[in-house]
Every structure is written in C-alpha cells, then in structure tokens.
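Subject: Handover of a structure and notes on its contents

Dear colleague,

I am passing the structure below to you, together with an account of what was found in it. Please read the notes with the structure open beside them.

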Amino acid sequence: MRFLTRRWCNLTALAALLTATPAFAEWGLNMPRGVTAVSREIYDLHMTIFWICVVIGVVVFGVMFWSILHHRKSQGAKASQFHESTTVEIIWTVVPFVILVGMAVPATSSLIKIYDSGEADLDIKVTGYQWKWHYDYLGKDVSFFSNLSTPRDEIYNRVPKNENYLLEVDEPVVVPINKKIRFLLTANDVIHAWWVPELATKRDAIPGFINEMWTRIEEPGIYRGQCAELCGKDHGFMPIVVDARPQAEYEAWLLAKQEAARAEAELKDKVWTREELYARGEQVYAKACAACHQINGEGVAPTFPGLKASPYVKGPIEAHVDIVVNGKPGTMMAAFGPQLSEVDIAAVVTYERNAWGNNMGDFIQPLKIVEMKAAK
Amino acid sequence: MSAVLETHAEEHHHGPRKGLMRWVLTTNHKDIGSMYLWFSFIMFLYGGSMAMVIRAELFQPGLQLIEPEFFNQMTTMHGLIMVFGAVMPAFVGLANWLIPMMVGAPDMALPRLNNWSFWLLPFAFAMLISTMFMEGGGPNFGWTFYAPLSTTYAPPSVTFFIFAVHLMGISSIMGSINIIATILNLRAPGMTLMKMPLFVWTWLITAYLLIAVMPVLAGAVTMMLMDIHFGTSFFDAGGGGDPVMFQHIFWFFGHPEVYIMILPGFGVVSQIIPTFSRKPLFGYTSMVYATASIAFLSFIVWAHHMFTVGMPLAGELFFMYTTMLIAVPTGVKVFNWVTTMFRGSLSFETPMLFAVAFVVLFTIGGLSGLMLAIAPADFQYHDTYFVVAHFHYVLIPGAIFAIMAGVYYWLPKWTGNMYNVPMSRLHFWLSFIGLNIAFFPMHFVGLAGMPRRIPDYALQFADFNQIASVGAFLFGATQLLFLFIVVQCIRGGRRVTAQVWDSAEGLEWTLPSPAPYHTFTTPPEVR
Amino acid sequence: MDENTARSNRRLATRLLGVVAGMFAFGFLLVPLYDVFCDITGLNGKTGGRYENTVDASATDLSREVRVQFIASVNAGMPWEFRPAVTEVKVHPGQAMDTYYRVQNLSGRDMVLQAVPSVTPGAAAQYLHKVECFCFQQQRIAAGESKEMPLRFFVDPKAPEGIHTLTLSYTLFNVTESALLDGAQGQPE
C-alpha cells in the first residue's frame, strides 16, 4: 500500500516537474532544449516518447494498483480462475506494435536530418588526446589544444569551486553562429567522444578512423560539454567549451589567432633568460604535464614516475629534451614534439630541471631545440 | 498444472559427507546450489562495497577519498563482479537447487561436471581480484573493456583479467550444458515441455543463450590476448585492425548477456505471482513464446549500444527498429503478470512484495530502455547517468529483486524453517526505498548532461548526486540485514509444512521441508 | 540414473560442446565477416585496397565536381611532421588526381610507419578509389628524413549526386617493432 502511493507521488511529481521544464532548466532535471534545430528536434522527440511512456506506465500500474487495492485476500477477495485469452494476447501484442511504429516515424525523420551531408561552411577537425582536445580549423592555419583550466586546488577542495568547475578550458573552440559547421573527429590514442548537450552533438573519436557530424548554432553563447567515452585516468577532466559568436566577431578572433601564431613562432628566435623560461615552463608544466607527473613533481607510482630527483631530469639535458620531444616507447610517456612549440619545450625542460629542489641550474634556448630537431 | 501421484520414500540412506570435504567433493545439486548462492552473495557484498566507495567519492564534487585511477578500477570491478560474480552465479545456484526438484529429477544430469563448474569460480574471481594488488593496478577500462584502452593502454594485469574471464566463461558454459541436459533428459514421466514451470523454461532458454554467446566473449578476449602478447592486430588500426570491431564482437555477446541476467528473473517472478494471487499464471504459452522471442531478438540488436560510433544511417535505423521490437514481447510479459494479479486473491508475503516491486520497477527500467532505443535521442542519452539509471533499474529491482524474491520464496523449503517475517519486510522496504533514492535522481543528472564513469563532476549535479549517495548507502547497509535473516533462518525458526505457502503449485512443494538430501530418486508421475 | 539416460546425457553434452566450439570459431569468423560488411555498407569509412580495374577516361563526369579534403593525423608516441600537400582539391568524378603527403621523421631513430586511411562520410567510402597509395605498404623513414609520399585516386562516376564532399584521412601508426620482427617489409627505397 504505502509504496503505491509513493510511486504515484514519484510519477506525478516527475510529470509536474517536466511540464514546467523551462523554469527548471537550471536545476538540471531534464535534457536541455539546446540552440540548434537538431537539438530542439531531439528534445521534442525525447519529450514525446517520455509522455508516451508515462501514459503506458499509468495504464499498466493503474490496473495493477486497482487489483492490489480491491482484490486482496484480506478483504475477502475470491480468485477467479481464468488464465488464457488469445484475443487479449493478440490485442496487447498489436497495440504496442502500433505505438512503436508511431514512435519510429518521427525518430526516423530526425535521424535522416542528422545524417544530412550537405556542404558545410566551416570544417573543424577535432582530435581526442589523453586527456585534452585538439582543434584544427581546416584550411585556416589555426590549430590549438584545449585543456581543462580548473585549478588543481579546486579539485582537491583546497579553495572554493567556481561556477564552471570542471567545465572550463584554457582555449575554447570559437565558431560562428548560423553557419553549418562540420566536425571531423578522430583520436590520438584511445576512443574518446565529443559531446556538447546544448548542440546535441555526440560522436566517438576513434584512433585511425574519421567520423563526422555537423551543427548549426542559432544563438551566440558559451556551450559546455565533456568527453563521453571512458578514456583512462582523466576521462572526467577533459571538458569541451564551444564559444559561438556572430560571424564578424568570429572572423576577428580568427585573425587575432593567426596573428598570435605568427608572433609565437617568432618567439623561438629570441634569446631567453633562465627566469623567463622557468616562469613560462611552470605554466606549460601545469597544462601539459601535471595531470600525470603531478603538480609537485612526485608522479603517481608506478605508471607515472615522479620527476623530482628523477635520473632523467638530473641527467644530461639533451637526453631530457629527447624524452619530452619523442616520448618513451613502451610507457605512458607520449611524444610532446608535435604538441608543444620549441619555446614551450625549452621552457618546460628548464622548469623541470630547476623546480622541486632539482636545482640543476641549467637551461636551454628554444633555438637549440630547433637545431636538435633538425640535426636528427 | 501438474500434480504428483506418488512421492517415493527415500531409497538412499547415506547423507552428506562430513566436514570440509563434503563441499569440495560434493556432486549433490543442493550442496552445489547452496555454494553458488553463498558465493554470489559474497561477491554481491564485495562488489557492493566497491559501489559504496564509488558513491562516497561522488558524494560531493571534488576529489576527496580516492584518485581517478583507482576510481576507474572501482567502476570496472564493480561491474565485472556484479555481472559475472553476483547475478549469474546466483541464478545458477537457484537453477541447481530448483530445476531437479521442479522437473522431478534425482539430481543434475552431469553431477561431476557440476562440481567442477562451481569450483572454477572461486579461482576465477581470486585471480580477478588479485589484479588489484598488482603493479599498475587492476582492470580500469570499464566492464565493457573497449580496445585500445584495454589492449595497448591497459595495465599489465590485463592478462590475468583475460584468464579470469576465460575461467568464468568455461564455468558458465559447463553449467549451462548441465542445465540443458537436466531439463531435456531427466524430466519425470508426464512432465512435458509445456507443463514445465516457467522458471525451468526461462532457464532452458537462458542456458542456450549462454552456450551461444559465452564462446564469443571467450573469442573476443582471446583476440585481445593475441593483440597484447603475440603481435596480431585484431583491434589495432595500425596493423589493419579496427577498435570498433571489438565493440561489435563485445556487444554481440553483451546484449544476450543482458537477457541472461534477466530471463531467469522473469521465471522466478512467474512462479511467485500466481502463488500469492491464488490464480494460475495468465497466458503461460504466450510467456514461453515471449521469452523465446526476446532471446532471439537479443542477437540482432547489439549495435544499439554503439549508436554514436558513426554507423551509416541504414545501420542506425536497423538497430533502432529491432531494439524497439523487443518492447513487444517484454510488454506481453508485464501485461501477463498484471493480468494474473487482476481479480486474484492477493496477499503480500515477502516474496510477493519483491515480485510486485520487480514488475513495477523493471517496467520503469524497460520504459527508459525504450527511450534509449530511439537513436536520435540516444545521441543525448548515450554514456550518461541516464544509462546508469536505466540499467540499474533493470538489474537491481530486476535481477537482484528476483533473486531475493526467489530466496524468500524457497528458503523455507530449503531449510525447513520460516525466516523472521517482520525483518524480511523491513529488508524489503529499506531496499525498495534505498534503491529508488539512489537511482531515480540519476535519470535527472544524466539528462542534464553528466557523463558516466567520471570520478568528479560539475557543480550543477551536486544535489542529486548527494541524494543518490545517501540512497546507495541505505540500500547497501540494508543487505547486511539480508545476511542476518538468512543465517538466522538456517539456524532455526518456526517449522514449516511441505506446502509452505497455501497455494504454491509445483513438484518441489510435494517434497518434505526441509527437502531431503536426495529427492525424486524414483521419478514422480505427473498427470 | 539408468544407462540409457547417462548415454543420452553424454550425447547431448557432446553435441552442446560442439555448439560451443562452433560459436568460439564464429567469434573469429566475425572478423572477416566484419570486413565484408564494412566494404558493403561503408561502415567505419574503411576504404578498399588498390583499385585494380582500368580507369576509363571517357567516363569522366564533367558536369559536376566533388570536393576531396585531405586530413593528416599522427598516432600517439610518434614525433612526426605529417601533412597533406594541399588541404583540398575539386575533382570531376572519373578524373584521376595525383597529390602527395609530406612526412618528416623528427625522432632520432629510424622508424617504420603504416598509414591508415579512413573516409567520411562512410557511405561514400566505396566511391573513392585509390590507384596508388603510400598506405598500401609500410614505409621506412630514416631518422630526420623527410619524404613526399604519393597518392593517386579518383572518384567513381557512379557516386550519387548527394555526395559533395569526401574527406580522406590518414593516420600514421608506428609499427617499427612489428616491422623489425617481420624483417623483410618496408625496406628503404
């Protein structure tokens, strides 16, 4: 008895909450309606099917609760002995089938729209890495990594968490609104999945294979998502941030980005001091290395060895650079040569050799890294 | 449906061996059934304590108790242990105890094989659990172990994981062969197939499913083993393989596996509801056909677990349609149970409470499953907590509640004693409330965008996660009560009659309570 | 249990074991089946091997153009530079096209690579024919060496009108270890 009423309460409360969706959207009770035609269509489909399920539930549980209330032995109910009726069996095979066909029709039409392969205005290649995303604006000479920017102190509860905790990155992917954007997805190591709920875009990024999906965002804004396929240790720490802007603002951003890339390239010709490299290296380390080797350089034994007093870090600088650039085969250490600029490599090596009491005192110029790469 | 003309007096007078060797060497289906049930209960508590660790870490945002690396091992081991260690052996245990008694057989058809199938399990799980203490830790790639995370990027202990899966597979296959042979060859005279209790029917179909798909799982892990150690590249794109193929092979096993975990539960509930409705099961024949069609359909729906891997449109449509079709036979079963209750004379003993909760909550899980079948909507649901909520709704109030309902139903027959009824009701209500508090909010966080298998989450998910953790702790703690009730019942209690329940049907109720060590040494005759 | 039942139990068990063995084999059979299935449906954007049929120049469909986009990726642990010579070309269906990818081995070791092709949309993969491709065999690249790797392809004139863009992606995998085991393959040219 008690649980009957409880279940009813659950259902009615749920139904009440969901009808009032827009007001409760911030509460995170339901799927977001999103900002694309496709996401709205999926939302409507979701709600339609939800309501059909509620109706089915009400009918089935209604009959059941009726029996539980009125056909109790304690109330002197006598059991009838009927136990077969082909007509009834046929009815409740056919009726659900018809309902299912009714569901399949809109679902099929949505699916066909999602699979539309018409011309896109912008192609962005998205590559999943353990544990960050890389974006490459094809034909635009703009590409960058996008890392989680939530400070470790927030994750380990040493400081209060900000409102975008775990859903913030250093470099959002900036896109124009009202343009068809095609995402080409692949991965560098294991399978990841790129998902932004407000855009209703979820597709796996598979190493060696290319997948595509598209979106057309209608409202400017910042849309946040996460990796949706278990990809190892920091699967929960590789968010996605999409910054949708009007065309003109997007173009301005693109120009600035191209300019910055040129400026960055020139930095490597400059002669750096140890302090400059150390300061930059600290940031690079936090972004690229700390996830495994930890911010205090102590690593997580045995998979991710510590760098504090590590023989590689305390050894010859060339060998140290070689590991950073080329990785260490057979271990989790990836090759950072393609991921980091020469300046960043010089900076991070300098930082590692002088941080956490390693105090090697030496450092290396970005130009030297360029030479080392060319000499090989 | 069937009645016994004559129960034969015991011919064998020797009882069980004494001491530990009784259990090591036993070929008695009742002993082996008990061992399976105890083993699965230990695994249930072990896997459950891992769930407690997971829920404790997720109690609030931020990393408090464990590191992500260990969290991944927890989710993986929780899944593997609950699927292969708790649910499957528990149903095999019920099958061992009940199938011979239900079909009027003296024992399982292949008693020595039966002993071996059980004794492989402790070794398999000892090996699996030992990986957690190895360098690099245990499996951390999810219970679905997708390549290349489980091959190129796996910890070294993956080899032991593979062997453990092989042993579990061999154990299940041998168990299934035994069950099929018992059902097909050892039925008492007059016990035709269409007179068998539904529990026997669902197990017969389940056993065939196991025989069909466990070897495929064995093949998949063998391919992994070869990729890792022998330089083949089944799943490595660099050598001409394909990681997506792993998912196809895995889910070709995995989807029937889902039904392996639920079909015997359907059987248990189909025994209990008629008893406490005092009315025959409605639509027995259609129940059998519905079970068989669910089993058949389970082979052609596997890729609905992979709607986001980038299948062509035709593939998405095919798997969406076939998956939706499963709702038809599943609906038939639910309608039959409800109609069995309709105009019955209902009473709510503990097994009935679990069975009614099964029907209600499993239906909720089934309806969310129908939502997940809709491919475009699945692009939003896939790999979120909505999925976690869905499969916990079908597995806890589905499989686990069915097992508990079964234990409460047959325990008096096994021990000859009635358990502490008020305690068992308390166990039911606390479990029921706990699991709804734990899993209902997961629908909401999933829809709102929380991916599964993450050790830490954004702030907007905090409230519901806290509620879910509280519910999980309640559910988890309550299961210790179950242990207490069962132990107390074995040690003593109010003696029960052979019939136990006033309107239970079937051969097992014609035997004295507790059921003697050897039963039906002369087959009963069934009218 | 009488002798007859025991015999029929054994017979049934043997038969079921046969099914088990068959299903185990079927698991492995799924591998070639999967490839066939991929070829037919374009699942996963798998492309075929070398296109052996002769190219009929007269079949070129001048009435339309298809955009072919080139993408390059490098798998984990490979410090390589790898990029297409051009990011995209427009071709008439039937018209053979030559292009190349440039690769540079930035590591200090000789390495052997295998390029893995993939095409999206997957349904279009069967219409992209590679006549000559560096992905047909493993490539050995010496330390520091840079190399142009040629590709010759055409789009099938039978490609449906709905196909406007084909994206051809190559991912480089490091196969140095297994190539060393195999020995003979991938000799430097």
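An angle over 145 degrees between two axes counts as roughly antiparallel. Please bear in mind that the model is predicted.

That cut-off applies to a pair of helices in chain B. Helix 4 (residues 111-130) of chain B packs against helix 5 (residues 158-185) of chain B at an angle of about 160°, and their axes are 8 Å apart. Helix 4 of chain B and helix 5 of chain B are therefore roughly antiparallel to each other. The crossing of helix 4 of chain B with helix 5 of chain B is left-handed. Among the residues that make this contact are W116(B), L120(B), F123(B) and M127(B) of helix 4 of chain B, and F160(B), A164(B), L167(B) and M174(B) of helix 5 of chain B. By class, the contact of helix 4 with helix 5 of chain B holds 16 nonpolar residues, 6 polar residues and no charged residues.

Next, the contact between chains A and B. Chain B gives 81 residues to this contact and chain A gives 83. On the side of chain B that touches chain A, the elements that give two or more residues include helix 3 (68-103), helix 7 (243-277), helix 11 (350-373) and helix 14 (421-448) of chain B. The largest share of that side, 8 residues, belongs to helix 10 of chain B. By class, the side of chain B that touches chain A has 51 nonpolar, 20 polar and 10 charged residues.

Is F342(B) buried or exposed? F342(B) has 21 C-beta neighbours inside 10 Å and therefore counts as buried. Helix 3 (residues 37-70) of chain A has 34 residues, and the distance from its first C-alpha to its last is 49 Å, close to the 50 Å expected at 1.5 Å a residue.

Helix 8 of chain B is another element with cover from chain A. The 14 residues of helix 8 (residues 284-297) of chain B should span 20 Å at 1.5 Å a residue, and its end C-alpha atoms are 20 Å apart, which agrees. Its buried residues include Y284(B), M287(B), I294(B) and L297(B). The buried residues of helix 8 of chain B are covered by elements including helix 4 (86-114) of chain A and, from chain B, helix 6 (198-229), helix 7, helix 9 and helix 10.

Lastly, chain C. Its secondary structure comes to 2 helices and 9 strands, in the order α-β-β-β-β-β-β-β-β-β-α from the N terminus. Chain C has 189 residues, of which 40% count as buried. Among its contacts with a separation of 6 or more, 75% join residues 24 or more positions apart.

How many residues of chain A are in contact with chain C? There are 29, and they meet 30 residues of chain C. Strand 1 (122-129), strand 5 (181-187), strand 8 (211-215) and helix 10 (317-326) of chain A each give two or more residues to that side of chain A. By class, the side of chain A that touches chain C has 10 nonpolar, 11 polar and 8 charged residues.

With kind regards

Terms used
Residues numbered from 1 in each chain as written. Chains lettered and ligands numbered in written order. Predicted model: local features only at pLDDT ≥ 70, side-chain atom pairs only at ≥ 80, totals over all residues. Contact = placed C-beta atoms within 7 Å. Helix = DSSP H or I, 4+ residues; strand = E, 2+ residues; numbered from the N terminus. Nonpolar A, V, L, I, M, F, W, Y, C, P; charged D, E, K, R; others polar. Expected span 1.5 Å × (residues − 1). Buried ≥ 20, exposed ≤ 12 C-beta atoms within 10 Å, placed from the backbone. Axes fitted to C-alpha atoms, helices over the stretch in contact; angles between N-to-C directions. Parallel < 35°, antiparallel > 145°, perpendicular 65-115°, else oblique. Left-handed = near helix turned anticlockwise from the far one by under 90°.
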